[in-house]
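Here is a short briefing to read alongside the protein chain you are about to see. Keep the 3D view open and look up each residue as it comes up.

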Amino acid sequence: MDDQTRRGHRPLSARWLAPFVLLASSFCTTVRAAEASPCPPDWEAQICELKSVVDVLKKEHLTEIDVPAFLDETIRLGVKTLPYARFLNAQEQQEQVKKDQRTRNGAPGIGIIFETLPDGLHIIDVVPDAPAALAGVRTGDLVVAMDGNSMVGIDNTEIAKYANGEAGAPLKLTLLRGASQQRLEFSPLRAIIKPRPASARRLDGNVLYTRLASFPEPTIGDYIDVVQAERKKGPPAAAVVLDLRINGGGALNAAIGITALFAGRDKTAMVTLQRDDKIQHRISTNWPDYDLPVMQGQDPLAPLQSDDWWRSVPLIVLIDGQSASAAEATAAALKDLGRARLLGTPTYGKGMAQTGVGTRDGTYVVWSNARNLRPNGCPMEGYGVVPDWIVPPRKDADMDGVLLGYREVDIPRAAYANKPAPDPFADVRKERQRLRDRRALAKLDPANSAALPQKEFGTAKDWQLEQALNALAGKPVQTVSVNPRFMPAQPACMKLEGQVTEQKTGPKTQ
């Protein structure tokens with residue numbers, strides 16, 4: 001016990017000081033309120049408020065504040081409350097430009113696709129003719145070390161610091177193979193690996209199983225190349241399955257190009273609504289509506305106009321709840337144009353496109369600038385695309401759980417993001433969460449509603465592919481009945497005839 005306490009005095013503490021601090025703060029505020037506004041008259045009042053707050057913090061905050069970083073974060077937090085909007089400061093924008101260039105032109109690597117699990121990196125695919133494949137690395141191998149650094153228990157965010165390196169530099173891999181866990185070491189030399197979103201292989205019955213994992217800029221040319229290569233390997237291909245499951249989108253123009261590839265010219269691939277749905281633009285399947293910088297002004301579909309196979313071969317598109325934006329736009333267009341039938345589960349429901357512009361001092365802002373309508377005039381935002389055949393990811397899947405998986409409709413919107421109209425999905429969102437909560441109380445096994453792993457796509461375990469092959473062969477498709485409460489609502493569609501103009505703007509992303 002200290003001297004003050006022994007003498008019956010209360011020690012000086014924050015409780016004693018608090019009334020004086022509060023009084024001082026109130027006094028300071030009153031004095032500053034009388035000061036003349038430092039802001040131009042055309043500023044929003046809240047911008048002026050922010051300037052006043054920053055002035056106070058600069059002078060009186062306990063520690064010195066990095067004001068530019070503070071303001072960057074303030075803008076970032078505000079912008080991110082708008083749907084799919086984001087703000088990048090000058091450094092982040094420079095890094096994004098480099099990332100986009102690597103996506104377009106390739107980046108140093110060895111060409112492996114892996115899944116991070118507690119025991120290491122499970123290789124689920126090896127890029128053909130890339131350094132890893134040439135060195136002898138196989139699908140199914142387990143990487144336990146890179147350059148002597150353990151990959152066991154590693155976090156995804158830490159892998160880059162071990163894997164990154166310049167082209168020509170070796171990367172030593174220590175891996176385990178097979179049931180015997182044979183320990184092997186390879187040292188492939190890094191090379192420029194260009195994005196390869198497309199793959200294709202021939203199945204029984206001369207059906208081409210093709211997959212697009214995403215929609216980067218090189219998508220159209222890459223897809224054409226892999227399909228043409230498979231067509232040359234055997235008899236004429238009798239049908240095509242286009243797998244867009246777990247495809248989160250990318251360049252919207254790439255989606256338009258894939259639609260044009262199968263549907264042909266002079267079709268409406270999409271209609272966009274801009275600025276409170278008052279401005280309509282028609283995006284067609286004609287060049288240059290799918291032009292992208294990677295094409296360098298050359299139409300990749302021009303050499304195929306005499307090849308009717310693309311526009312006549314039977315086509316089924318596989319979709320699921322993680323097929324989003326550009327992927328679901330492709331599926332919707334091919335369905336509405338009568339070119340394909342869809343099989344799987346309803347898509348994610350991202351029906352907005354984004355664009356961006358550089359602002360002051362090298363900063364960059366991205367925002368949603370258009371709402372996308374299908375060729376039939378129906379919106380995708382919040383609704384997604386419902387397939388012709390509803391087929392679960394597994395034969396015995398829990399379809400209620402599948403349909404309650406996270407979708408666009410589950411993302412809340414800030415009230416100020418759309419002043420004229422309230423959030424149209426607020427009630428739907430609450431009901432979906434209520435149903436999830438009920439399932440959680442029932443302790444239902446979430447594994448029964450989980451998505452099929454990508455490494456099982458195209459294999460004998462792929463139930464949705466099996467049903468697609470049945471449809472192509474004229475056999476019965478094993479669909480399931482679903483509770484309408486779990487399905488997307490029926491959207492209000494627009495009549496578009498005679499109301500659209502040609503789209504003349506640049507490429508968009510989704």
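**A first look at the chain**

Of the 510 residues in the chain, 42% are buried. The model is predicted, and its fold is made up of 14 helices and 20 strands. Among contacts between residues at least 6 apart in sequence, 70% join residues at least 24 apart.

**How confident is the prediction?**

- The pLDDT averages 88 over the chain, and 90% of the residues score at least 70.
- Residues 1–34 have a pLDDT below 50, and this stretch makes 8 contacts in the model beyond near neighbours in sequence.
- Residues 499–507 also stay under 50 in pLDDT, and here the model has 19 contacts beyond four places in sequence.
- Where pLDDT is low, the predicted coordinates should not be read in detail.

**The disulfide**

- The count of disulfides comes to 1.
- Which residues does the disulfide join? It links Cys 378 to Cys 493, with an S to S distance of 1.9 Å.
- Cys 378 sits in the loop between S18 and strand S19 (389–390), while Cys 493 sits in the loop between helix H14 (463–472) and strand S20 (501–502), so the pair ties together parts that are 115 residues apart in sequence.
- The link of Cys 378 and Cys 493 is right-handed, with 95 degrees about the S-S bond.
- Are the two cysteines buried or exposed? Cys 378 counts as buried because its relative accessibility is 10%, under the 20% cut-off. Cys 493 has 37% relative accessibility, so it counts as partly exposed, between the 20% and 50% cut-offs.

**The second largest pocket**

- This pocket has a volume of about 1,300 Å³.
- It is lined by 38 residues, and those closest to its centre are Asp 276, Met 352, Arg 371, Ala 417 and Asn 418.
- Strand S13 (268–274) and strand S18 (364–373) are the elements that give two or more residues to the lining of this pocket.
- Which of the elements gives the most to the lining of this pocket? It is S18, with 6 residues.
- By class, the lining of this pocket holds 23 nonpolar, 5 polar and 10 charged residues.

**The cavities**

- There are 3 cavities of 30 Å³ or more.
- The second largest cavity has a volume of about 40 Å³.
- Its lining is formed by Ala 260, Leu 261, Gly 264, Leu 301, Leu 304, Gln 305, Trp 310 and Arg 311.
- Two or more of the lining residues of this cavity come from helix H9 (252–263), and two or more come from helix H10 (309–312).
- The lining of the second largest cavity divides into 5 nonpolar, 2 polar and 1 charged residues.

**Two residues in contact: Gln 467 and Pro 476**

- Gln 467 is part of helix H14, and with 0% relative accessibility it counts as buried.
- Leaving aside neighbours within four places in sequence, Gln 467 is in contact with Leu 343, Val 391, Pro 476, Val 477 and Gln 478.
- Pro 476 belongs to the loop between H14 and S20. Its relative accessibility is 68%, over the 50% cut-off, so Pro 476 counts as exposed.
- With neighbours within four places again set aside, the contacts of Pro 476 are Gln 467 and Asn 470.

**A buried arginine**

- Arg 439 is found in helix H13 (residues 426–441).
- Is Arg 439 buried or exposed? Arg 439 is buried, because its relative accessible area of 17% falls under the 20% cut-off.
- Beyond neighbours within four places in sequence, Arg 439 is in contact with Asp 398, Asp 400, Gly 401, Leu 404, Leu 444 and Ser 449.

**Backbone details to look up**

- A cis peptide bond joins Trp 287 and Pro 288, with omega at about 10 degrees. Pro 288 lies in the loop between strand S14 (279–284) and H10.
- Asp 266 is not a glycine, yet it has a positive phi of about 60 degrees. Asp 266 lies in the loop between H9 and S13, and at 59% relative accessibility it counts as exposed.
- Asp 361 also has a positive phi, near 60 degrees. Asp 361 is in the loop between strand S17 (352–358) and S18, and it counts as exposed at 66% relative accessibility.

Terms used
Residues are numbered from 1 along each chain as its sequence is written. This is a predicted model: local features need pLDDT of at least 70, side-chain atom pairs count only at pLDDT 80 or more; totals for chains, interfaces and linings use all residues. Side-chain values use heavy atoms; hydrogens and water are left out. On a 1 Å grid over the protein atoms alone, a cavity is a set of points where a 1.4 Å probe fits but cannot get out, and a pocket is an open set with protein on both sides within 12 Å along at least five of seven lines; lining residues have an atom within 4 Å of a point. Grid points are joined across faces, edges and corners, and a volume is the space filled by probe spheres set on the points. Helices (H or I, at least four residues) and strands (E, at least two) are DSSP runs, numbered from the N terminus. Ala, Val, Leu, Ile, Met, Phe, Trp, Tyr, Cys and Pro count as nonpolar, Asp, Glu, Lys and Arg as charged, and the others, Gly among them, as polar. A disulfide is a pair of cysteine sulfur atoms within 2.5 Å. Buried means under 20% relative accessible area, exposed over 50%, partly exposed in between (1.4 Å probe, protein chains only). Contact means heavy atoms within 4.5 Å. pLDDT is the predictor's confidence in each residue, from 0 to 100.
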